[in-house]
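Here are my notes for the file. Please read them with the coordinates open.

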Amino acid sequence: MATTHHVAAPAAERTKKAEGVTANSSTIGPIVTLLVLIVVFTVINPRFVSLENIQTVLYQAAIPLILSVGATLVILIGGIDLSIEGVMAAGALTFVLLSPNNINDSDFGVMAIGGALLVGALLGGLNGFAHVRLKIPSFMSSLGVWYIGLGIASMLYDQSTPRLSESANIAWASGTIFGISNSFFIALGVIILGVVVSRWTRFGRYAYAIGGDEAVVRLTPINIGRYKIAIFVVAGACAAFAGVLGSIRLGVGVPAVGTGQLFTTISAVVLGGTLLSGGRGGMLHSLIGVMVIVVLANGLVLSGVSPYVQQAVQGLVVIAAVGIAGWKQRSILRIVK
Amino acid sequence: MTEYALQLNDVTKRFGAVTALESVSLSVKPNEVVGIIGENGAGKSTLLKVLAGIYQPDSGEIVIGGKKQKVNGPRHAGKLGIGVVHQEQSLVPSITVTENLNLGFEGNVGRWGLYRWSKLRAETRSFLSRVSSTVDPDARTDSLSFAERQMVEIAKSLKAVAGAPGSPVIVLDEPTSVLERDDIAVLQKEVEALREIGSVIFVSHRLDEVLDFCDRVYVMRGGQVVAERETEGVAEEELYRLMVGRDASGLHYMEDQQLEPQDEAVLQVTGLTSPGAFEGVNLTVHAGEVAAIVGTNASGREEVARAIFGLHGYTAGEIKIKGEVLKPGNPRTAISRGVGYVPAERKVEGIIAGMSIGQNLAMIFSRAIAFGPFQSPRRRRELSNAWIDRLHIRPADPNADIGALSGGNQQKVAFARWMVEPDVRVLILDHPTRGLDPGAQQDIYAHIREACESGVAVLVLGDTLQECIGLAHKVLVMRDGMVTALFDAPRTHKPTPLDLIKEMV
């Protein structure tokens, strides 16, 4: 018979298995970051909290906010949309050429915005189709659509800059209420719509489910592909709408209308706490994320940081902020791609 | 209404040459809890997949509520009244309990497509209350404990069978394997609640629990039902013996080649603790010795093995390789000190599909093959060919894509990767023969013996108890993260599986 050594008495209690994650700390991080930035910039230059500057910040936040709604949806399903700037350009030129301008005689009124949204939705649909049906990673399909959008814009642009003439659209979008740009209120409306959609509709809830674990969702009757394509369509429409607002601000239609927005949007969404792997995060996260990025850009200007250095500082701060936010999730075997 | 809620008559399922289920017959009465026990590979999971309609039986029939049925898939199974709660949970972590329970079946959610959360929530509560669970329907699923998630799974399966005509049958696959004792008590209450609604099939390899939960138990071994017993007054030992079976050939594990270990302690683990995984683990493996750790899924043995290779952190204790303390949580240092690890998840961690056999073998740029960052293709070819020969790897082509190989051959490559290392001192084998045919198993056993001969210390987490006993010089039993017993297993005095099981559960 074999010899037996009793090494330890069987544990009286079962050892507690570590399960689940600690409560939502990801929501607090971005808010703290925002508050820290506000305090730091106020100390450096008290003018930062002046009414005038707050109005400026909100004005600057409008376009990224609209973009972040579409981008958040896409990132929630675990995808990425890099086509933002291209779709903005195509939307912008479409809008300008359908509105009263110095190149043609068109005046489609509000329908000009509708036309721009349609172009954006079509580009988003192309993106979604390529991703879902042709099984191309959204990183690559949206990179392609970016250039398709830019190409369409350049064709419409055709060597001379179309300049917007006065119209109701322009008057309204560039107006203010209490000194705050109407475009900010529009953006706020889009965000609220985004919140409603993501909390109370199948479309929004399935986005979370698909991003959370697509393999599980596949076992249900949910048509994943259709929802994914729809999300890219919405993202495209958001980008086109941002292009419309951008053109109204510039007063002209140029393909470069969206330059720099990709960085702002993606970093805002990620910084806000929406995971690139999908399933977690949301519109309000992105709202905070956008405010962080916009405040950062604005504050750096007011702090007198050389314009040549500003971009580099923004990049550094974004990396640092995302790194700190994700510090707890590091583990030996976590694979990040 | 017939007497049985579910009957299987002579169900056979083959995969190529392998017979996974051989003429299995069983029956479940309404409001009965029936257990199915068996070791890994006994055919339990195949049986479940047949019930869920994932596999179609090659012959035999499934009779549900007196009617012969063809089950087309999990959803169809639900319509017929069979709900399977799988061991791997199928809930989306990032959404709420309510959403998971209703995912894809929200029905008419409300006006303008807006969710009426109150309605969904109420429905969720009603299903949860049937299994007397108090989980908050609004809780995000990843905030729940494993046991709570399991209750949600059970409630979900109830929803799936809600429309079925007859008495539903809920199948629980290894429901207790990761549960704590308190949770098991809760689960037992749930099973009793389920008994009121329909029948339960309780699949497990933990005999004591099966006896606790069930009215009747079927014992499976090698794809067959070898016994059926009422749990009332059954002799536990008899069931153990039926479940484990007898080893046909005494020398299957090449016990005759089991040499005396050398004196040098190569691997010394003292007081190793990682809260929630393992606690105060001591373990010494000498040169030329095979130590096996046995334990159930939640025993913590995998985590200990991974900790030694640096894949799992620990808060207290230390690991010494040849007397030198190993830095925790760093596979690279572990490798440089001569620790090798063959993982259980072969396809995920063991091989890189798409790369050739030779490249997989030469993954660790050791001095056997490489000069700094460069590999010598000639040396790699020679080594690959040598090991392909020694381990009978087929196809015998170092350039063949490893992804196209059979599981056994892939495993041989994963194993050989460490054997090409001239400096390997400790070899950790996590289920080294999982899914291999007997011939391939023999090859692996032979090479474990050979490694011992050259003075390597081997730590094995075997697939079966016999494998552990047969291979090892000593067997550690782990339970709930602690080492509960240590058996010496010299060539001539092997402990029996029964001895081990007593300490495991």
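Is H14(B) largely enclosed by the rest of the structure or exposed, and how many of its residues are buried?

1. The model is predicted. Helix H14 of chain B is largely enclosed by the rest of the structure, because 12 of its 13 residues are buried. The buried set runs through B:Gly408, B:Asn409, B:Gln410, B:Gln411, B:Lys412, B:Val413, B:Ala414, B:Phe415, B:Ala416, B:Arg417, B:Trp418 and B:Met419.

2. The geometry of H14 in chain B checks out. Residues 407-419 should span 18 Å at 1.5 Å a residue, and the end C-alpha atoms are 18 Å apart, so the two agree.

3. B:Ala155 sits in helix H5 of chain B, residues 146-160. B:Ala155 has 26 other C-beta atoms within 10 Å; the cut-off for buried is 20 or more, so B:Ala155 is buried. Setting aside residues up to four places away in sequence, its contacts are B:Leu101, B:Phe127, B:Leu128, B:Val131 and B:Ser133. B:Ser129 is 26 residues from B:Ala155 in sequence, yet their C-alpha atoms are 8.5 Å apart.

4. Chain A has 13 helices and three strands. Its 337 residues are 48% buried. Of the chain A contacts between residues at least 6 apart in sequence, 79% join residues at least 24 apart.

5. Confidence in chain A needs a caveat. The average pLDDT is 87, and 88% of the residues score at least 70. Residues 6-25 of chain A, however, have pLDDT below 50, although the model gives this stretch 33 contacts beyond near neighbours in sequence. Where pLDDT is low, predicted coordinates should not be read in detail.

Terms used: Residues numbered from 1 in each chain as written. Chains lettered and ligands numbered in written order. Predicted model: local features only at pLDDT ≥ 70, side-chain atom pairs only at ≥ 80, totals over all residues. Helix = DSSP H or I, 4+ residues; strand = E, 2+ residues; numbered from the N terminus. Expected span 1.5 Å × (residues − 1). Contact = placed C-beta atoms within 7 Å. pLDDT = per-residue confidence, 0-100.
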